[in-house]
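Here is a short briefing on one protein model. Look at the structure first, then read the points below.

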Amino acid sequence: MPLENFHIIESTLREGEQFVGASFTTDQKIEIAHLLDDFGVECIELTTPMASPQSFEDARTISGLGLRAKILTHTRCRIDDAQKAIDTGVDGVDVLIGTSSMLRRFSHGKDIDQIVDMALTVVDYIQSQGVEVRFSTEDSFRSELEDIFRVYEAVDAIGVNRVGIADTVGVATPRQVYELVGSLRRRVSCDIEFHGHNDSGCAIANAFEALDAGATHVDTSVLGIGERNGITPLGGLIARLYATGPALVEKYDLPGLRRLDSTVAQMVGVDIPFNNYITGITAFTHKAGIHAKAILNNPETYEILNPQAFGMTRYVSIAHRLTGWNAIKNRAEQLGLTLSDATLKEITVHIKALADEKRISLSDVDGLLRRWANGNAAQAARPAVSDQLSAVSNQRTALGSKNTK
Ligand code: HCA
Ligand code: CU
């Protein structure tokens, strides 16, 4: 099965640097590279050394760290770029050229015959230096199929290590990706990489379909950061693969995702989105009474990802009008309170009524449970207004602090 033997090319330090909020210092790049290496990604891709003198130095520094991951850098299809890339000491060079009619017209002005010649020259040169080489076509899904196949077949014939398909503008659908990767798989014998942008929300599905169709490598970045709204997020791809079969991602240190997401979020000045795959604060939060009851009996009823596998904790939200008595009973047990089922049902009715009146918090629920357990139902039925007010505002804070520490 193709899915089992895949590699992640982690591009936070290349595509991610193209995110508008990113401006990594050398130390930050080193920290990210170490975290990615500890997580276990197979390859780390770095900004082209042509970008600036610091980019060149940083590529040298990271290549010299002795990481387990292969270090790659990215260049245009030019001998001088390739030379500079090799000078940094990287393990591989990812070469890119635009093949769509738009890029050919408005970017480099070359026709397909010229592109094939340039590709062969640059690939051959990099190989002659004993460095791995990948050749990719920018904006592959808006290029003529026969054009890109011609280039891929030409570089495959001279032994390129990998060819890459790039959905540069996030236009491809999962079915299109599956079909294009599948056709390419039948035409070349080298490895195949997929790089997908997320403009229309398909980046994870597209990366997954690429793997299923026979791609060997997919590009990701932490939190998906990149040009515009970015590319396939590392955590999202891991969630997708884990949901297909946890064994697919057992080679990675899954709890390391949390630190990666929070470190990169902080460095680029954003919050982890509340609904982020795995590390968002609501990713393992359950609310409705029916869900809470089933989750308490067997978490798999409403969870395809096991939070523990990622070092995350499940949170069952109970202070609201959708709550159910099983969840309230579970809370009473957590507090060490003994209450009969009939009483717990009565308390639940009361909580729902209170929640209809105003926003309530977990401490409201706890307060009610404690008072009823102490036999003071009458007082509990009418909590002091000041009591309610002080406790009400904390629910979101409690939820946030649970998952972001
Ligand atoms: C870009 C380049 C790229 C390259 C992808 C790749 C893209 O910034 O436009 O080398 O596989 O999306 O095409 O990121
Ligand atoms: Cu890109």
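How many residue pairs are in polar contact across the interface of domain 1 and domain 2? The rule finds one such pair, with both residues at pLDDT 80 or more. A polar contact is a pair of N or O atoms within 3.5 Å; within protein, one must be able to donate a hydrogen and the other to accept it, and residues adjacent in sequence count only if both atoms are side-chain atoms.

This is a predicted model: local features need pLDDT of at least 70, side-chain atom pairs count only at pLDDT 80 or more, and totals for chains, interfaces and linings use all residues. Residues are numbered from 1 along each chain as written, chains are lettered from A and ligands numbered from 1 in written order, and side-chain values use heavy atoms, without hydrogens and water.

**Domains and their interface**
- The protein chain splits into domain 1 (7-268) and domain 2 (285-404), with bounds from an automatic or database domain assignment.
- Their centres, taken over C-alpha atoms, are 46 Å apart.
- Eight residues of domain 1 are in contact (heavy atoms within 4.5 Å) with eight residues of domain 2.
- About 700 Å² is buried between domain 1 and domain 2, and carbon and sulfur atoms give 67% of it. Buried area is the accessible area (1.4 Å probe) that two parts lose on being put together, summed over both.
- Zero salt bridges are found across this interface. A salt bridge is a side-chain nitrogen of Lys or Arg within 4 Å of a carboxyl oxygen of Asp or Glu.

**Salt bridges**
- The whole structure holds 22 salt bridges.
- In one of them, the side chains of Lys29 and Glu17 meet at 3.9 Å, N to O.
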